[in-house]
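Here is a short tour of a protein model, written to be read alongside the sequence and the coordinates.

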Amino acid sequence: MSQASFKPAITIRRVESREAGRLAALGARLFEETYREFTDPSDMASHLAGMYGEEIQRVELADRDVITLFVEAAGDPIGYIQVRRRSTPESVEHQADVELRWFYLDTAYHGGGVAGPMMDAAEAAGRELGGGEMWLSVWTRNPRAIAFYVKRGFEEVGKSEFDVGEDRQTDLIMVTSLANEPEP
C-alpha cells in the first residue's frame, strides 16, 4: 500500500501585535535558512540582529503603513509576507508606491503551490494600502525567486544595493501593476 503525502491546508492571516516575538523568530530563521550558504556567519549575525527582534517587529506591526501576514499550516507559521507603503529607491527611475518587503516560505513548502496564494495575499495587501503598483527587490543570485516574480508579472526596472552585515549585494528592482485583482 502506498502512502500519499499529505500537506495541511494553508491559511494566511494578519500577524497580531502580541505575536511580534513569534514573527521575529520566524523571520530570522527563514532569512538564515535562505542565505546561510552564501553569507559569512559574522555578516549573517549582524544582519539578523539589526532586522529581527521582538521590539523591531512590534514597531512594524504598529505601523499603519505596513501589513504583515503569517502563512500557516495546521496553525504553525511556515512563512510570512510584509507589504508597506514606500516608494522605489531613488536610484530607480520607475516609481511605484508600495513595496513587497518580505516574502518568505519555509523550504519544506517550496514547490507545493503555496507561493501563488501568498502573492495573491501580498497584492491584496498592496491594494489595501492604496497602491497602484508594487515593487520588490530580489537578490541577483536568487534565480528561483526571480523566475517566480517574472511568472507573476513583475518586470525589472533597475538595481539597488543591499547590505547583509558588511557584504554589499546587488538586488534587482521589479515592479508589477496592482490594477487587476485575481479571478476567483
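What percentage of the 184 residues in the protein is buried? Buried residues make up 45% of them, where buried means under 20% relative accessible area, exposed over 50%, and partly exposed in between (1.4 Å probe, protein chains only). Please keep in mind that this is a predicted model, in which local features need pLDDT of at least 70 and side-chain atom pairs count only at pLDDT 80 or more, while totals for chains, interfaces and linings use all residues. Residues are numbered from 1 along each chain as its sequence is written, and side-chain values use heavy atoms, with hydrogens and water left out.

**Overall fold**

The protein contains five helices and seven strands; these are DSSP runs numbered from the N terminus, with at least four residues for helices (H or I) and at least two for strands (E). Read from the N terminus, the order of elements is β-α-α-α-β-β-β-α-β-α-β-β. If we take the contacts (heavy atoms within 4.5 Å) between residues at least 6 apart in sequence, 65% join residues at least 24 apart.

Axes here are lines fitted to C-alpha atoms, for helices over the stretch in contact, and angles run from 0 to 180 degrees between N-to-C directions.

| Pair | Residues | Axis distance | Angle |
|---|---|---|---|
| H1 and H2 | 20–35 and 41–51 | within 10 Å | roughly 155° |
| H1 and H3 | 20–35 and 54–62 | 8 Å | about 110° |

H1 and H2 are therefore roughly antiparallel to each other, a label for angles over 145 degrees; under 35 degrees counts as roughly parallel, 65 to 115 as roughly perpendicular and the rest as oblique. On the H1 side, Ala 28, Phe 31, Glu 32 and Tyr 35 make the contact, and on the H2 side Met 44, His 47 and Leu 48 do. By class, these residues are five nonpolar, one polar and one charged. In this scheme Ala, Val, Leu, Ile, Met, Phe, Trp, Tyr, Cys and Pro are nonpolar, Asp, Glu, Lys and Arg are charged, and the others, Gly among them, are polar.

H1 and H3, in turn, are roughly perpendicular to each other. Their contact brings together Ala 20, Gly 21, Leu 23 and Ala 24 of H1 with Glu 54, Gln 57, Arg 58 and Leu 61 of H3, a set of four nonpolar, two polar and two charged residues.

Ile 56 also lies in helix H3 and is partly exposed, with a relative accessible area of 30%.

**Aromatic rings**

Phe 31 turns up again in a cluster with Tyr 52, Tyr 80, Trp 102 and Tyr 104, linked by ring pairs. Rings of Phe, Tyr and Trp (its six-membered ring) pair if their centres lie within 6.5 Å, and the whole structure holds nine aromatic pairs.

**Around strand E3**

Ala 74 sits in the loop between strand E2 (66–73) and E3. Ala 74 has a positive phi of about 55° although it is not a glycine. Most residues other than glycine have a negative phi. Ala 74 counts as exposed, at 62% relative accessibility.

Arg 85 lies in strand E3 (residues 76–85) and counts as partly exposed at 40% relative accessibility. Leaving out residues up to four places away in sequence, Arg 85 touches Asp 65, Asp 97, Val 98, Leu 129 and Gly 130.

Definitions and conventions: Phe/Tyr/Trp six-rings, centres within 6.5 Å; stacked < 30°, edge-to-face > 60°.
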